[in-house]
Structure formats: C-alpha cells, structure tokens
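Please keep the sequence and the 3D structure in view while reading.

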Amino acid sequence: MAPSPQDPAAAPRRKVSRHRGEGQWAAGHHTPLNGNEQFKKDDDGLNVRTRIETIYSKRGFDSIDPNDLRGRMRWWGLYTQRKPGIDGGKTAVLEPEELDDKYFMLRVRIDGGRLTTAQLRVIGELSQEFARGTADITDRQNIQLHWIRIEDVPEIWRRLEDVGLSTTEACGDTPRVILGSPVAGIAEDEIIDGTPAIEEIQRRVIGNKAFSNLPRKFKSAISGSPLLDVAHEINDIALVGVEHPEHGPGFDLWVGGGLSTNPKIGVRLGAWVPLDEVADVHEGVISIFRDYGYRRLRNRARLKFLVADWGPEKFRQVLEDEYLGRKLLDGPAPEQPVERWRDHVGVHRQRDGRFYVGFAPRVGRVDGATLAKIAGVAEEHGSSRVRTTTEQKMIVLDVEADQVDSLVAGLEALDLRVTPSSFRRGTMACTGIEFCKLAIVETKARGSALIDELERRLPEFDEPITINLNGCPNACARIQVADIGLKGQLVVDEAGNQVEGYQVHLGGALGLEAGFGRKVRGLKVTSKELPDYVERVLRRFEAERTDGERFAAWAARASEEALS
C-alpha cells in the first residue's frame, strides 16, 4: 500500500550532514577542516628542516613544495618575502605565488630578549653576509633578517646554533617566542625573576611535537617587573609578578589576549602561581589550546575566542581539573605601574650597584653593521650582556658607574638615543610593504620620517606618546592599543587619486587601564598628510588637556572635531 501524504515515509528525504563543530580535538573532531589543518596532519612542520637541509638548499627555491614554502617552513622561522615593485592595491588580488619573492625573512628567536654580545655579533655578521645588511628588532624581542636565500639557510642555522641561538618555531602554528622582562634578575624594583620559568618552558615545549600542531600561533609572556613590561594584556598566556599576602612573590595568571582584526584584552583567572609551578601552568594552558582550540576557521582559531566563549571561571576549572589535577591558589591583581614608559630606556641602577642602559633605534630598524658595533661598544665598557625589549628597543646590562657616560656617548654616536625625544621613544612600526606580503602601505621609512618631522615641529613636546604604524589590519605593531594607532590602507586624496594612507585609532592603552583606541567616523589620512595631522592633534591635546591628563584620557572625551 502506498504511504499517505501524512506518512513520514512519503516526505522527501533530507540529506543529513554530520555536525563538524569547531574542529576541536577534545570533541573528537580530528578530520582536517581546512587546508592548513590538512598540511599539518600530513606532516609535522618540524620535519621540514630535513628537507631544507638535504633537498631545497641544494636544488634551490623552485624545488620547494608549496605546502612547505607557505606553510611548514614557518616552523623554522622562514617566511617568503614580498616581491619588490608590487603596490598595496595588489596585496589582496594576486595569488601567493605572484606575491612571493625567491627570498625569505628569517626570524631569530630570542626568548626573554636575552642575548650575549657574542650572539649579537653573530647575528650582525649573518646580516652582513647573507641578508644584505638588514636587521629589524621586533616588538616581540626577536630580530628579523631579510633577503635570505634558501641555499644559505643551513649555514645560517649552524652559526646561530653554535652560539646557542635558534629559529625553531619562531613562526607557524606553534608556541612562539616567550616574552620576558629584559631586566629580569637585575632590576632593583623587581618583584620576582621569571627567567627560570622561561628556561623550563623552553626545555619542555619548544621543538616538542606534542605542541607543534596548535590551532594557530600561541604567544606567551612572563615578567616579574612592576612596570608590566611584556604587554601581558595581549598575549595568549601571561604571568605577571605579584606579591601574595601569605605566600610571597609569585605570578598572576592571564589568558586570552590578542589583537589582529578582532582584538581582545586578556582576562585574569584570579590565580596566583609560584615560580616552580609556572611551567606546569603554561603546559596546561597550551594543552587546552591544542585540544579545545577552534580549528575549523582560521580567523577564529586563536585562544582568545575560546576564552571569550568559556569565560574565565570555566577556563580555570578545566585547567585545574583536566590538566593540573589540583586547584590553584587565589591571588591578587598586579598594581598599577608608577612609570608610564615600559621600555627601560635611559640609565638605571641595577640591584648589584652597576647600571643598565636602554636606548632607542628608529622604529626597530637597525642593520647588521650596527648590531656588531653595539656588541663592540658594550664589550669595550665591560658588558657581555644585551637585551631586546617589547617596544623595539635594546639595553646594555652590567655597566660600571665610571663607564656609563662613555657608553652613552658611544651609543649616541651610532644614532641610538639613550635620552630620545618622546617621538623617537614612542614610535613603533611593523615591517610594512617593503617586505611583507600582507602589507598595503609603507611603515618603517614613514615612521622614521615622521619622527624627524615631529621633532622639528614640536621640539618642546615631552609627554609620553605612542604612535604605532601598521601596514595592514593585522596589528603586528599594536595599533589598537597606541595613543595614535595608524592602520595602513589605500585612501582617496583631495584630487580623487587612490594613495597610501592610514585609518586612525586614538586613545588606546596598555596597563591596568588597558583599552582599544577610538575610531572617529571617516577619519583617514594620506601618508603625505600624516605629519600635519599628528602635529594638529597633539597641539589640540596640549591646549585642551587638564593637569596631568594622559593623551588616552583626553582622546576618549575630546570632540570629533578636535580629533580630526
């Protein structure tokens, strides 16, 4: 008998598709849901080193498998750089192979910003020999070289590793460099030295295949400085020095920070972590990310999205119950920093009576010859240790009192300012269109020229001010948390021509009052207009501010007219 129209059997069958979820391994979703997850499943990124050494470096660029070229080679700090002469309008239009040059950026991993002068000299020598003299200090304490040929990579690795340096997992979906206070173990005001924890995390995690296939990159920061000098608010995990009223010095635990196109400030879990448990907690958090992180969509694959969905209470519970097997102690929040600069620039006394000297290059751009000269100047004045900071600055440690003035003079002679203007000190820039395949506009040269113009136009301006230039929306230069954040894009000038310019963010900040900058509707400036615009808004700030008011506070209350 034929089924009646009301009979379910009479209805057309719907195709039932299995719910794929977010690709979380902990939910049993191990089938790759995009090309990135597929190439990571096909072969661990750490394995590409053997192919680089035995095949690609011998047969040349054209022999490189595409999944290695634009994927796994990042696990060893290698990105293809932008082919010269391609304007910003083509960035989102051309295919990767059209944007790729046959040269690489190589990122040297510098955990905690810690370098010996011998290591710095080797980086400088490699820059001069293999990278056309290029070298940039990043806002994650690394140093990046450009114009690297695949044929030279094994020799570069050998020389780096001979002095204890590495490019392992400097890029890729991996545990990236561990930020650390550049004055750990020496600062007079330090709450606790996080160096032993950084070293233990390096030993456990870096190069370990248990953690070499994460949903996306994983950024870590550990500092016992009261200056909060590692941008803890925008890292996947951060541990910040605090004094527990009963248990003494330890760390306050934060998770889920990050910027890019969907910025989020990290959240406190309210947990106090003693120094000898930091590596356990770090391993627990990175394991949560590996197991529960979203792998379906790349733009939702950072830990910040999981933390936002779960909330801090659930995240802490899962960490304690499933990964640590014990409860964490509750603890206090860090105190508000007294200093508004967090870069350690200037001359400062160490706890042993010697001094450290911080100095400012221009927007992190140096060169190989200058790096070698910095090593030489430091050694001439009795130091064998230097540091990089999270603000694209450098520090020479362990300087005797009678050597300070001479050291300062030697650095200043290299155009490395120990007492920089607010503009030299506070201006940061990402790599930009010169080398980056994602960039739309120039940043490094633009930032350097802007410094010169502002020093000329506003010679008396001495308020702390941060001006961050980014070549695209991805926020490598932290545009959302700068006083003046400049996001590169193509804009239309008065003549109707499409030219390089910036969308403006105003009044962002890091610190315990962290927040994202305000965007004024329609506020965009061309590169040519940039010095005029910044001068105009800073003059209005000076005219309208109340006593002691910071730029961020003024920008939050100022009229749109004042900010335009």
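In this predicted model, the residues that line the largest cavity divide into three nonpolar, seven polar and one charged. The lining is made up of Gly112, Arg114, Gly180, Ser181, Ala184, Gly194, Thr195, Ile198, Ile222, Ser223 and Gly224. Arg114 is the charged residue, because Arg is counted as charged. Ala184, Ile198 and Ile222 are the nonpolar ones, because Ala and Ile are counted as nonpolar. Two or more lining residues come from each of the elements α7 (195-205) and β7 (218-223). The volume of the largest cavity is about 40 Å³. How many cavities of 30 Å³ or more are there? The count comes to one.

The strand β7 also belongs to a sheet. Six strands form this open sheet, in the order β6-β7-β8-β9-β10-β11, and the pairing is mixed. The edges are held by β6 and β11 (329-330); each has a single partner strand, so one side of each is left without a neighbour in the sheet. Although β6 stands at an edge, six of the six residues of β6 (residues 175-180) are buried, and the strand is mostly covered.

Strands of a sheet pair through backbone hydrogen bonds, and the pairing is either parallel or antiparallel. Both senses can be followed here. β6 and β7 pair in the parallel sense over four bridges, and Ile178 stands opposite Ser220 in β7. Strand β8 (residues 237-244) pairs with strand β9 (residues 248-255) in the antiparallel sense over eight bridges. In that pair, Leu239 stands opposite Leu253 in β9.

Another open sheet has five strands in the order β1-β2-β5-β4-β14, with antiparallel pairing. Its edge strands are β1 (78-82) and β14 (365-367), each of which pairs on one side only. On average, neighbouring strands of this sheet are turned by 35 degrees against each other, with direction ignored. Strand β4 (residues 134-137) and β14 are joined in the antiparallel sense over three bridges. Asp136 has Arg365 in β14 as its bridge partner.

| Strand pair | Sense | Bridges |
|---|---|---|
| β6 and β7 | parallel | four bridges |
| β8 and β9 | antiparallel | eight bridges |
| β4 and β14 | antiparallel | three bridges |

The cysteines come next. A disulfide is a covalent bond between the sulfur atoms of two cysteines. How many disulfides does the count come to? The count is zero. Cys430 is in no disulfide, and the nearest cysteine sulfur, that of Cys476, is 6.1 Å away.

Tyr294 lies in the loop between α8 (278-292) and α9 (303-310). Is Tyr294 buried or exposed? Tyr294 has a relative accessible area of 6%, which means that this residue is buried, as the limit is under 20%. Tyr294 and Leu214 are 80 residues apart along the chain, and their C-alpha atoms are separated by 9.7 Å.

Key:
Residues numbered from 1 in each chain as written. Predicted model: local features only at pLDDT ≥ 70, side-chain atom pairs only at ≥ 80, totals over all residues. Heavy atoms only, no water. 1 Å grid on protein atoms, 1.4 Å probe; cavity = no way out; pocket = protein on both sides within 12 Å on 5 of 7 lines; lining within 4 Å. Points joined across faces, edges and corners; volume = space filled by probe spheres on them. Disulfide = S-S within 2.5 Å. Pairing = 2+ DSSP bridges. Axes fitted to C-alpha atoms, helices over the stretch in contact; angles between N-to-C directions. Buried < 20%, exposed > 50% of the residue type's maximum accessible area, 1.4 Å probe, protein only.
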